Amino acid sequence: MFSLLNIFRVTAFLEGVSYILLLFIATPIKYISGDPQYVKLLGMPHGILFILYIILAFMIKPEQQWSKKEFWTVLIASIIPFGTFYVERKLLKRA
């Protein structure tokens, strides 16, 4: 139940959701209304999830036997909105 793969899946989902909330809700509120509260509220959890996602990607790479291209896709997906959902659907589904 608490395998490294499952932890990575949950982290990828949460990282993706936090990134979307930060980019499409908190940041516009900050610049439209001048209220940085939401960016401060979401920034730290997103940063922690981002770092955890990268660390877990390195840890799970040998288990998943990702090629260099697949591994770079996993890493780059963390900085593209909705990218972690793509990783879940395409790369982790076969696991």
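Author: A polar contact is a pair of N or O atoms within 3.5 Å. The model discussed here is predicted.

Reader: How far is the backbone oxygen of Leu75 from a polar atom of the side chain of Ser78?

Author: Ser78 sits in the loop between α3 (68-77) and α4 (83-90). A polar atom of the Ser78 side chain faces the backbone oxygen of Leu75, and the distance is 2.6 Å.

Reader: Is Ser78 buried or exposed?

Author: Beyond its neighbours within four places in sequence, Ser78 contacts Glu15, Tyr19, Phe50, Tyr53, Ile54 and Thr84. Buried means under 20% relative accessible area. Ser78 has 3%, so Ser78 is buried.

Reader: Which residue forms a salt bridge with Glu88?

Author: Side chains of opposite charge can pair when their charged atoms come close. The whole structure has 1 salt bridge. Its closest N and O atoms are 3.5 Å apart, and the partner of Glu88 is Arg9.

Reader: How many residues apart are Glu88 and Arg9?

Author: Glu88 is partly exposed at 31% relative accessibility. Arg9 is partly exposed too, at 23%. Glu88 lies in helix α4 and Arg9 in helix α1 (residues 4-33), so the pair links distant parts of the chain: the separation is 79 residues.

Reader: At roughly what angle do the axes of α3 and α4 cross?

Author: Thr73, Val74 and Ala77 in α3 meet Gly83, Thr84, Tyr86 and Val87 in α4. By class, this contact has 4 nonpolar, 3 polar and no charged residues. The two axes come within 7 Å, and the crossing angle is roughly 145°.

Conventions:
Residues are numbered from 1 along each chain as its sequence is written. This is a predicted model: local features need pLDDT of at least 70, side-chain atom pairs count only at pLDDT 80 or more; totals for chains, interfaces and linings use all residues. Side-chain values use heavy atoms; hydrogens and water are left out. Helices (H or I, at least four residues) and strands (E, at least two) are DSSP runs, numbered from the N terminus. Buried means under 20% relative accessible area, exposed over 50%, partly exposed in between (1.4 Å probe, protein chains only). A polar contact is a pair of N or O atoms within 3.5 Å; within protein, one must be able to donate a hydrogen and the other to accept it, and residues adjacent in sequence count only if both atoms are side-chain atoms. Contact means heavy atoms within 4.5 Å. A salt bridge is a side-chain nitrogen of Lys or Arg within 4 Å of a carboxyl oxygen of Asp or Glu. Axes are lines fitted to C-alpha atoms, for helices over the stretch in contact, and angles run from 0 to 180 degrees between N-to-C directions. Ala, Val, Leu, Ile, Met, Phe, Trp, Tyr, Cys and Pro count as nonpolar, Asp, Glu, Lys and Arg as charged, and the others, Gly among them, as polar.
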